[in-house]
Amino acid sequence: MAGARPRAGDGTGPGAAVAGWVDRRARRTLGGPGRLRVVLLLAAVLGLNTADTGTIGASAAQLEADLEIGHAQLGLLASASAGVGVVAAIPMGVLADRLHRARLLAVVIAVWAVAMVAGGLAPDYEWLLASRLLLGAAVAASGPVVVSLTGDFIPPADRAAVLGWILTGEIAGAGAGLLVGGEIAATFSWRYAFFLLAAASLALAVSVWRQLPEPARGGAGWLPGDPREDGAGERAAPEGAAASDGAGTSGGAGEGGPEGGGARPGGGGGRQVDQARAVVDAWGIRPAPERVLRPEDEEMSLLRATVFLLRIPSNRLLIIASATGYFFFAGLRTFVVVFAIRHFHVSQLGLGVLIVVIGVAALVGAVAGGRFTDRALRRGRTEARILVPAAGFTLAALLLLPGFVLTPLALALPAIVLGTAALAAANPPLDAARLDIVPASMWGRAESLRTVLRLAAEAVAPATFGLVADVLGDGGGGGTGDRASGLQDAFLIMLLPLLANGLLMLLARRSYPVDVATASAADRAASR
């Protein structure tokens with residue numbers, strides 16, 4: 001009856017209105033609640049790793065006092081897990097290409113929880129160091145699995161934007177580790193911070209096991225709960241770009257969707273237009289025939305796969321650039337709390353506010369970098385996924401320089417905030433570009449190769465930062481002021497690799513279009 005009040009349960013009450021608003025926002029931002037669930041779970045996995053290293057950094061003072069260690073030994077704690085990951089990454093990438101990835105990820109996270117409990121129970125430094133080795137194996141497995149799942153869940157046209165949201169997990173995790181872990185360590189003990197991470201890991205393992213579906217390999221499978229109208233998820237190619245037969249697909253998974261999910265978006269036969277490959281086709285860029293992967297070679301040996309991936313020119317450069325960025329981030333998150341307290345003389349409360357402000361800037365940078373890149377790509381800018389990271393790394397180095405030098409926090413904070421946003425903006429398009437240039441059947445192994453170099457960089461970063469800080473800080477007698485000065489000098493020196501990253505990305509600009517065309521040709525052959 002007209003004018004009647006909405007009743008509970010009839011779908012028109014306030015609760016239904018809120019649910020409808022959330023659903024509309026999810027569809028507008030991420031494509032639907034099914035994809036939103038995937039993004040949240042994958043972001044949480046990345047967040048666990050950075051929350052762990054963030055907790056190490058936030059608990060630095062307590063760990064150094066309780067275990068009677070210095071900066072270099074503290075850095076080794078953060079390095080140990082990454083060092084083991086270097087060894088484990090390649091075989092884990094092979095498993096990601098061949099096993100049920102969602103189940104593998106759940107098991108890995110459960111091992112993660114066991115390692116955190118062991119660390120919290122450590123009676124001495126050696127025990128704690130050993131627990132970090134077990135953690136490293138789990139970290140090595142998570143990277144290739146997350147990237148492989150992302151490539152198959154997310155349509156190519158949205159990949160950089162959605163990767164921006166997934167990578168916010170790394171930022172949020174680091175912030176949570178620094179804030180929550182630091183507060184628990186200061187109030188109770190660093191051991192309780194470890195136990196909290198273990199509980200969070202166990203809860204996430206259960207969630208992944210129950211709620212993360214396994215998509216069809218080859219790209220952009222339909223997710224339960226997302227729209228499946230004819231043409232859903234299909235995007236127009238850039239002006240003048242017509243997706244040739246199979247060129248607009250993201251790997252040619254055929255007609256099948258994810259397990260139990262049916263067809264990919266556009267259930268009536270609509271296909272996902274890969275913007276990068278559509279633009280390359282429009283410009284008439286030809287593949288390198290000697291590097292086109294044949295379908296019969298998809299199950300090649302580990303050694304041959306590694307050689308094949310390293311023969312992709314832009315892949316080599318992107319791997320180095322990615323590892324360099326993580327090198328800087330790993331060292332920064334380990335010592336940022338100690339540096340902020342000693343350099344800016346902030347209180348515990350002020351430190352919390354500072355971390356929140358910088359964390360928000362990083363989140364905004366990651367999301368904005370992904371969205372801006374995808375929009376530029378839709379306008380026909382083939383190299384957007386290369387130029388945006390180049391600008392991000394260069395601006396980050398130039399902006400963080402005054403942020404580390406200036407002592408008044410009011411003057412340094414704006415530079416640090418903008419530099420952090422620029423650094424975060426580089427990662428989503430960089431990760432999307434790596435998926436563009438590798439055949440879909442090799443995403444797991446490609447990510448494991450990158451993970452080897454990335455974890456190697458993360459392994460040496462904290463110890464390198466700490467060693468440089470100790471050496472440079474000892475010149476003035478080893479007091480608190482000298483140690484703060486040593487950390488400042490270490491941070492400034494490590495800005496040089498970030499600046500070099502910008503040049504590396506400009507070099508990748510030359511080979512990227514040909515490598516995209518080559519990967520596209522391989523995926524077309526596989527789809528046939």
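Biologist: What share of the contacts in the chain joins residues 24 or more positions apart?

Modeller: Among contacts with a separation of 6 or more, 86% join residues 24 or more positions apart. This is a predicted model. A contact here means heavy atoms within 4.5 Å.

Biologist: How many helices and strands are there in the chain?

Modeller: The chain has 17 helices and zero strands. Of its 528 residues, 57% count as buried.

Biologist: How do you know what span to expect of helix α8?

Modeller: α8 covers residues 190-211, which is 22 residues. The expected span is 1.5 Å times one less than the number of residues. That gives 32 Å for α8, and the reach from first C-alpha to last is 32 Å, close to the expected value.

Biologist: Which residues of α8 are buried?

Modeller: W190, A193, F194, L197, A198, S201, L204, A205 and V208. Each has under 20% relative accessible area, so each is called buried.

Biologist: What covers the buried residues of α8?

Modeller: The cover includes α2 (33-58), α3 (60-67), α5 (101-120), α6 (125-153) and α7 (159-187).

Biologist: What makes S189 a cap of α8?

Modeller: A side-chain oxygen of S189 lies 3.1 Å from the backbone nitrogen of R191. The limit for a polar contact is 3.5 Å, so this pair is within it. S189 caps the N-terminal end of α8.

How values were computed:
Residues are numbered from 1 along each chain as its sequence is written. This is a predicted model: local features need pLDDT of at least 70, side-chain atom pairs count only at pLDDT 80 or more; totals for chains, interfaces and linings use all residues. Side-chain values use heavy atoms; hydrogens and water are left out. Helices (H or I, at least four residues) and strands (E, at least two) are DSSP runs, numbered from the N terminus. Buried means under 20% relative accessible area, exposed over 50%, partly exposed in between (1.4 Å probe, protein chains only). A polar contact is a pair of N or O atoms within 3.5 Å; within protein, one must be able to donate a hydrogen and the other to accept it, and residues adjacent in sequence count only if both atoms are side-chain atoms.
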